[in-house]
Amino acid sequence: MTGLSGRARAIPAAAGLAIGGAAAWMLAVSWGRWPDGQVDFGRELYLPWRLSQGDVLYRDVVSSFGPLSPYLNASWFELFGVGLFTLVWCNLALLFVLLLVLRALLRAVGSPLSATAALLVFVLLFAFSQYLETGNYNYVTPYSHELVHGTLLALLALGSLGRFFVRPRWTWLGASGLFLGLAFLTKIEPWLAATLAVGLGVLLSGWSRRLPPGKALREAAVVLLCAALPVAVATGLLALAMPWRQAVDGVLTNSRLTLDPALSGAAFFRVGMGIDDPRASLAALGLALGRIALGLLPVAALAYLWRTPRWRGLACASTALGVLAVAVPIDSDAWLALARPLPVLMLGFGVVSLRNLVRVRSRGGFDAREALRFSLFVFALALLGKILLNTRFYHYGFVLAMPAALLTVVALIEWIPAYLTRSGGCGRIFQVAAAAWLACLVGTTQLVTLDVYSQKTHRVGSGRDRFLADEHGRRLQEMLEAVQRQVGEDQTLVVLPEGIMLNYLARRRSPLRLHTFLPWEFTVFGEQTILFELMVTRPDFVVVTHRDATEYGPRYFGRHYGLSVARWITRHYRPIDQVGASPLAQPARPGLLLLARSDG
């Protein structure tokens, strides 16, 4: 008994050491290299800095998302001081919480082994990695804190639902609803996916337990009322500083913009979803699915047919070596493309799970474990909606594809091998082969990540704001030094079309409510509105940056969009410093231009 007890304690300890070691490795290779100096992440620093100074979201500064994340980050600044590394340490703490939540959910539907494998994939493939020149797609400095915070809250809502499945008490339903309401205050994607999953889960639970309609409706009402509470509180708090209508509009901003056909149908979102060329997207999906089938179906057949216990160890080792021999020559693009079939896999797993629940109900029972598994499949599939036909591990996929990827790992390491073993075969053969494939995937993506991080050698900022960036960072640092020399602390600075990071690092306020001026903002707010606000506020200084906005359609500011704004700037401002090429005269070449107001 003592030996068994010691082994039982050693297994989770070893799992914890493996996950901790993987996290330590990723922290070491990525340290200080997480954010992007121009794209997106400057907003994640600038907004909470402004809020910590007493400004009010939606009244003084604009956000396209819910209010929870900016105010949470502002509270970190107020508690621990303004600085990039304040957010880094707080985000690392939240990442640890996310790991604990994922571990609980994965162990609830899987085993300690499969949960450990999935968490290792999360740490090595998603949490710290970078696969693109643009940073931000990691959990330390995410391009949108709302997406990461919303996903954590969504998973907490699903965890509470899972507890309700085990012990059907309304307190768990209330907790699930509260987490859903908080997720609504972040970003629409995780909230919508979690709401669909929790809603179907509650209905499925009532149907399986054969509840009277009245009681089933009361359970749904508990979720809805508790979900409405955080939204009402947030709206009321905002209304203390602005009219009620403006407060409601601010809280609903993300939902309203998501439903706007002029934006949801834009080229950027169509390409991201893969519906700009559905035939090519489906062909790529089919090719990736074929690669998976070609690699694992023969192994599954071998595992199913291997009925004798003799030589199973040799069979496992030979299979792993064979898989590695075939898989290693595959290039990194092909490995990264293996994310594309995740929607198909989630749909297939969900159908099997629903069938199992129906079978259990026909025998008069309810399987809480299977119900949670089904809810997770629904959540993972719904979260893929924004990248449905262009599912990827990188870019938005660092969050949107994460739950589906982790559930697939659990399927490969546990569910499929267990099925093969129950059928009389050797599930261990498939398990070893799947582990070899996952090792190839993670190893290949690690090489890509190491290559991207190795190019970030230029210091940007100082003190608690210091980070390392690529060549773009060198130019950013030179312009930052110019701004600090020539722009007074009480003077105002506007950076167009993108680069609010400069405002934050220099601690120079922008007088405009907007902080980014890409084609998306010109579509949402209108060029005349932006021009009018510039004319009214008359910022002391303007920085024009190089930014290729091809993904939005028009390419360069002042040449393909924002023409009247650019003309107004050239009439009322004079150049006083420049790094690289002038973005107004040579927009295709990288550079930054600092201009001072020339008319008083």
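I started with the rings and found 22 aromatic pairs in the structure. For Phe, Tyr and Trp (its six-membered ring), a pair needs ring centres within 6.5 Å; planes under 30 degrees apart are stacked, over 60 edge-to-face, and the rest tilted. Next I looked up Phe164 and Phe165: their ring centres are 6.5 Å apart and their planes sit at 50°, so I wrote the pair down as tilted.

This is a predicted model, where local features need pLDDT of at least 70 and side-chain atom pairs count only at pLDDT 80 or more, while totals for chains, interfaces and linings use all residues. Residues are numbered from 1 along each chain as its sequence is written, and side-chain values use heavy atoms, with hydrogens and water left out.

Are Phe164 and Phe165 buried or exposed? Phe164 is buried at 1% relative accessible area, and Phe165 is buried too, at 5%. (Buried means under 20% relative accessible area, exposed over 50%, partly exposed in between, with a 1.4 Å probe and protein chains only.)

I also noted one aromatic cluster, formed by Phe122, Tyr137, Tyr139, Tyr143, Tyr396 and Phe398.

Then I checked charges over rings (NZ of Lys or CZ of Arg within 6 Å of the ring centre and within 35 degrees of the ring normal). Arg361 lies over the face of Trp207, 4.1 Å from the ring centre.

Arg507 got its own entry. Its charged end sits over the ring of Tyr504, 4.2 Å from the centre. Arg507 has a positive phi of about 55°, though it isn't a glycine. I found Arg507 in the loop between α23 and α24 (519–525), partly exposed at 26%.

Arg210 was my next stop: not a glycine, yet its phi is positive, about 55°. Arg210 is in the loop between α8 (188–208) and α9 (213–239) and is partly exposed, with 46% relative accessible area.

Which peptide bond is cis? I found the one from Leu496 to Pro497, with omega near -5°. Pro497 belongs to the loop between β3 (493–496) and α23 (500–506).

Last, the whole chain. I counted 26 helices and 6 strands (DSSP runs numbered from the N terminus: helices are H or I with at least four residues, strands E with at least two). Of the 600 residues, 55% count as buried. I put the C-alpha atoms in a box of roughly 90 × 60 × 55 Å along the principal axes.
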